[in-house]
Amino acid sequence: MTSDRPLLIFVSDLHLTDRLHGNAVSKADQFARFWQRISVARGKRRAELCVVGDLFDLVRSPSWFEGRHRPYHGASTNGVVKNVEQIIAETIAREAGFFAAIRAKVESGELAIHYVLGNHDRLLRTAPAARLAVSRALTGRDDLELHDELEFPEHGVLAYHGNVGDPINASADGDATIGDAIGSELILKFPRKLRALVGEDHPGIEEIDDIDDVRPVYAVPAWVRQQSVMRKELLRPMSQVWSETVEEFLANSFVRDWLDGQRRKSGLFSLDLGKKLRLLLELSRNRVIAHGSDERLTQLYRFFQHSFDGKLSTVAAERLQERRGLRFVVNGHSHFPSMQPLGRIDGKPAVYFNTGTWRAVHQIGHDLGGRPSFLAYDAMTYLVFFPTDDALGRDYEWWTGALVAH
């Protein structure tokens with residue numbers, strides 16, 4: 001390691017969108033707060049910022065329902081590419097202040113940008129005009145590269161999004177996953193159908209859009225149930241619409257093919273991932289307001305959580321064993337910040353990091369009665385690796401915070 005290695009920062013999962021609601025604090029304001037700290041740490045050196053996936057959310061845009069294509073259709077299909085271009089253009093315009101702030105730092109020589117793709121912005125691979133717009137928005141130039149993973153040997157870091165450790169969103173060839181269908185056909189469609197039933201002007205209907213912030217994604221049925229209990233006037237409409245949405249989801253040809261594929265891989269009598277997902281949805285469907293389903297739902301949520309927790313760090317440890325000279329892995333994807341020791345490499349600690357998110361999160365928990373409950377907050381996490389001659393002797397710092405509104 002040399003004394004001139006750069007100040008290197010990692011963030012992920014900003015999920016900038018063209019239409020859905022944002023955080024209590026704007027992305028431009030978040031970047032301003034972030035840059036104040038970075039400015040102090042970098043001194044006169046240029047900082048390098050690596051986005052570890054999902055800067056944009058190209059899956060959960062309501063614009064998909066204005067045409068016949070969906071984000072899980074062929075990535076190079078003309079209709080899909082055109083819609084990606086539209087989403088990117090509208091998102092950049094919507095977040096103009098955020099992009100202008102980043103671009104100004106790049107053009108002044110204070111900041112360099114690296115971009116690793118995630119599962120929600122993977123469609124940029126096959127949309128060259130959209131890629132060009134992203135490059136210009138972030139850097140003012142046309143040459144920003146998009147990567148599946150990056151190594152930073154000076155810091156001993158391997159960075160990739162992390163969805164490879166999530167069977168709902170993992171794809172060896174970068175193609176569509178069942179997670180794309182969940183995002184489109186459950187999470188986007190439910191608020192749309194509910195508005196159609198109760199009216200756009202129903203008091204508080206905009207709160208239903210928070211379904212997009214529920215993490216982990218398999219907790220969405222529990223969140224729907226909680227909302228129906230908290231808002232008595234919507235109890236029946238929500239139960240009806242959720243049941244219809246689940247039925248349509250399970251009848252979707254892409255979903256049916258995925259469920260069949262899971263069954264063929266696992267065998268007729270094993271409880272494969274597809275059967276677990278179907279069970280989760282069937283328990284919530286038509287019983288979204290039934291207390292009797294709480295215990296079984298909670299047990300299933302815990303099963304899903306335990307199968308997911310640790311998986312990303314396990315994959316990280318396997319990746320490090322394949323690489324020489326690296327001892328840190330940085331992921332995004334889960335929206336939950338994490339720092340986990342992986343052992344030692346060449347006598348020094350190896351560590352797995354998850355960079356969380358810069359967006360709102362509705363995080364599942366379990367109340368004293370065993371029923372699922374949720375905490376809503378705005379999150380912001382970033383990871384900084386320092387030059388070797390840092391005045392405070394720092395190797396890295398991992399910052400994470402949450403803002404809970406009244």
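Reader: How many helices and strands are there in the protein?
Author: This is a predicted model, in which local features need pLDDT of at least 70, side-chain atom pairs count only at pLDDT 80 or more, and totals for chains, interfaces and linings use all residues. Residues are numbered from 1 along each chain as its sequence is written, and side-chain values use heavy atoms, with hydrogens and water left out. Helices (H or I, at least four residues) and strands (E, at least two) are DSSP runs, numbered from the N terminus. On that basis the protein has eleven helices and 13 strands.

Reader: Why does the protein count as being as compact as a globular protein of that length?
Author: The globule rule is 2.2 Å times the number of residues to the power 0.38, and the radius of gyration is taken over C-alpha atoms. For 406 residues the rule gives 22 Å, so the protein is as compact as a globular protein of that length, because its radius of gyration is close to that, at 21 Å.

Reader: What percentage of the 406 residues count as buried?
Author: Buried means under 20% relative accessible area, exposed over 50%, and partly exposed in between, with a 1.4 Å probe and protein chains only. Of the 406 residues, the share that counts as buried is 55%.

Reader: Which residues does Phe34 touch, not counting residues up to four places away in sequence?
Author: Contact means heavy atoms within 4.5 Å. With residues up to four places away in sequence not counted, Phe34 touches Ile9, Leu49, Trp358, Met380 and Tyr382.

Reader: Which residues is Gly174 in contact with, leaving aside its neighbours within four places in sequence?
Author: Gly174 is placed in the loop between β6 (157-160) and α5. At 27% relative accessibility, Gly174 counts as partly exposed. Leaving aside neighbours within four places in sequence, its contacts are Arg122 and Arg125.
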